[in-house]
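Trainee: Could you take one packing arrangement in this model and go through it closely? Then please carry on from there to the other local details.

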Amino acid sequence: MDTKFHGVGVAIVTPFNADLSIDYDGFGRIIRHISDGGVRYIVLQGTTGESPTVTKQEKKQLLQYLKENNPKKLPIVFGVGGNVTSEVVSGMKDIDFEGVDAILSVCPYYNKPGKRGVIEHFTRIADASPVPVILYNIPFRTGINMSAETICELAQHPNIIGVKEASCVIEQCMEIVRDKPDDFLLISGDDVQGVPIISIGGVGVMSVVANALPAKFSGMIEAALQGDFAFAQKELGHFLRIDPLLYEEGNPVGIKNVLEIMGLISAEVRLPLMKASDDLSERQRAVLQRDGLLELVA
């Protein structure tokens, strides 16, 4: 099995300046921070990267910057998805896939296709993609849940190598593990479910919190992968209080505010998201201090 996408991948944020242009200096700091923290790969232009409000041209520029400023040559997963199949397929012709190791493609949202539509959508994407495809199941955002049956049927495609599973339904994850091909990757799309999902056969996490705390989070996940669940479960307790505060006012509002507390980037986000409220910011800082995390990032 290819272990390139085992362990922690960071769903990296897109930093903005005060005028909401992309802050490439800040982007470089985040890349170095997570690279030094021991993460295994970088996920560019997922939800945490504010992909809905980043233009196609900006996506290309971010990808090029990452390729040129990737000090540890970490594998790159690039977000390529949408709810218009033909546009996703045709849009891949404009992407420079050199240096891209896989794409992450979200389940079609809003138009809520049935099983046959989902399978045809991803089949056409996988047929067209010059690099492997990782499915992204996140019912909270898309309005539909890809069932374990659908995911495992898509897993038969030779160019579909895994799923980022963010249904937060552990029974569904167990069904995927039971029925998937041996080399198909089950990757947690939820930070605090990473350890439990590894315990049933998952291979890692595409993480939000690891933007801020890559070393501590990666240490926990690596321990779980090595079977040291006693240590991993203890470490997981440190993340339980901060995790909901990352999403209370929308993602990546929470994690960007933590990164601002750390002094890495500004907490600016693009509308319709808004910067974290003073109340949320104060509670985040208190939790970071209470759980011994702030000293790692101050």
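Mentor: Start with α9 and α10, which are roughly antiparallel to each other. On the scale used here, angles over 145 degrees count as roughly antiparallel, under 35 as roughly parallel, 65 to 115 as roughly perpendicular, and the rest as oblique. This is a predicted model: local features need pLDDT of at least 70, side-chain atom pairs count only at pLDDT 80 or more, and totals for chains, interfaces and linings use all residues. Residues are numbered from 1 along each chain as its sequence is written, and side-chain values use heavy atoms, with hydrogens and water left out.

Helix α9 covers residues 214–225 and helix α10 residues 229–236; their axes come within 7 Å and cross at roughly 150°. Helices are DSSP runs of H or I of at least four residues, strands are runs of E of at least two, and both are numbered from the N terminus. Axes are lines fitted to C-alpha atoms, for helices over the stretch in contact, and angles run from 0 to 180 degrees between N-to-C directions. The crossing of α9 and α10 is left-handed. On the α9 side, Lys216, Gly219, Met220, Ala223 and Ala224 make the contact; on the α10 side, Phe229, Phe231, Ala232, Glu235 and Leu236 do. Contact means heavy atoms within 4.5 Å. A crossing is left-handed if the near helix is turned anticlockwise from the far one by less than a right angle, and right-handed if clockwise. An α-helix has 3.6 residues a turn, so residues three or four places apart point the same way.

Now move past α10. Arg241 sits in the loop between α10 and α11 and Asp291 in the loop between α13 and α14 (294–297), and the pair ties together parts that are 50 residues apart in sequence. Their side chains meet in a salt bridge, 2.6 Å from N to O. A salt bridge is a side-chain nitrogen of Lys or Arg within 4 Å of a carboxyl oxygen of Asp or Glu. By this rule the count comes to 15 salt bridges. Asp291 is buried, at 8% relative accessible area. Arg241 is partly exposed, at 37%. Buried means under 20% relative accessible area, exposed over 50%, and partly exposed in between (1.4 Å probe, protein chains only).

Next comes helix α11, residues 242–245, which holds Asp243. Asp243 is buried yet has no salt bridge; Lys164, the nearest side chain of opposite charge, is 12 Å away. For charge, Lys and Arg count as positive and Asp and Glu as negative, while His and the chain ends are not counted. Leaving aside neighbours within four places in sequence, Asp243 is in contact with Asp191 and Val192.

The loop between α11 and α12 contains Pro252. A cis peptide bond joins Asn251 to Pro252, with omega about 15°. Helix α12 then runs over residues 253–262 and is mostly covered: nine of its 10 residues are buried. Among them are Lys256, Asn257 and Met262. Gly263 follows α12 and has a positive phi, near 85°. Further on, Leu271 and Pro272 are also joined by a cis peptide bond, with omega about 15°. Pro272 is placed in the loop between α12 and α13 (278–290).

Most residues other than glycine have a negative phi, and most peptide bonds are trans. Gln45 is not a glycine, but has a positive phi of about 65°. Gln45 lies in the loop between β2 (41–44) and α2, and is buried at 3% relative accessible area. Tyr110, also not a glycine, has a positive phi of about 70°. Tyr110 is in the loop between β4 (102–106) and α4 (115–128), and counts as exposed at 73% relative accessibility.

Back to helix packing. Helix α1 (residues 24–36) and helix α2 (residues 56–68) pack at about 45°, with axes 11 Å apart. That makes α1 oblique to α2. The α1–α2 crossing is right-handed. Tyr24, Phe27, Gly28 and Ile31 of α1 meet Glu58, Gln61, Leu62, Tyr65 and Leu66 of α2.

Asp101 forms a salt bridge with Lys4, with the closest N and O atoms 3.1 Å apart. Lys115, Glu149 and Glu153 are linked in a network of salt bridges.
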